[in-house]
Amino acid sequence: MQESLTTVFIYGSLLPGHSNHHVAADYIRGSQPGVILGRLVDCGPYPALLRDDESRECCKVVRGLWVDVNELGLKRMDELEQFLGIEEDNDYDRIWVRDVESPDKCGWVYVWDSPRGCPAIDEPYWPDYFARKVGQS
């Protein structure tokens, strides 16, 4: 029996080489680079993605990876992001998005609805920003 896979766009601490990659690593069955509409804010050791008016008006994008995970992988990511379900009181919400450059690529992504006081990141790729940030400390 073939396992069921779900596609998720990851852009921050779940990326390979980052602090929470271990949460999903064993459940990832495939990955490919991607770009979605949105903007990042700096939450300290990780980013949050916003798909708000500002990101739409400025046509901002975020680069990351589309990963295919099995059911347990999605469950582990939901736990990490404190996503309890649709219309629940979540830390991150999980919404459906399409890739900007390849509209046939689509899947879930974890987002915030507001910056919550976190500063904006004026670039599309968290690993580049984070490397510079850590190098300055």
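Two strands count as paired if DSSP finds at least two bridges between them, and strands (E, at least two residues) and helices (H or I, at least four) are DSSP runs numbered from the N terminus. This is a predicted model, where local features need pLDDT of at least 70, side-chain atom pairs count only at pLDDT 80 or more, and totals for chains, interfaces and linings use all residues. Residues are numbered from 1 along each chain as its sequence is written, and side-chain values use heavy atoms, with hydrogens and water left out.

**View 1. Strand 5 pairs with strand 2 and strand 1.** Strand 2 joins strand 5 in the antiparallel sense, over 9 bridges. Strand 1 (residues 5-10) also runs antiparallel to strand 5 (residues 61-70), with 6 bridges. V8, meanwhile, faces V67.

**View 2. S13 sits in a loop.** You'll find S13 between strand 1 and helix 1 (21-25). S13 counts as buried because its relative accessibility is 10%. Leaving aside residues up to four places away in sequence, S13 touches H18, S19, N20, H21, Y46 and P47, contact meaning heavy atoms within 4.5 Å.

Terms used
Buried < 20%, exposed > 50% of the residue type's maximum accessible area, 1.4 Å probe, protein only.
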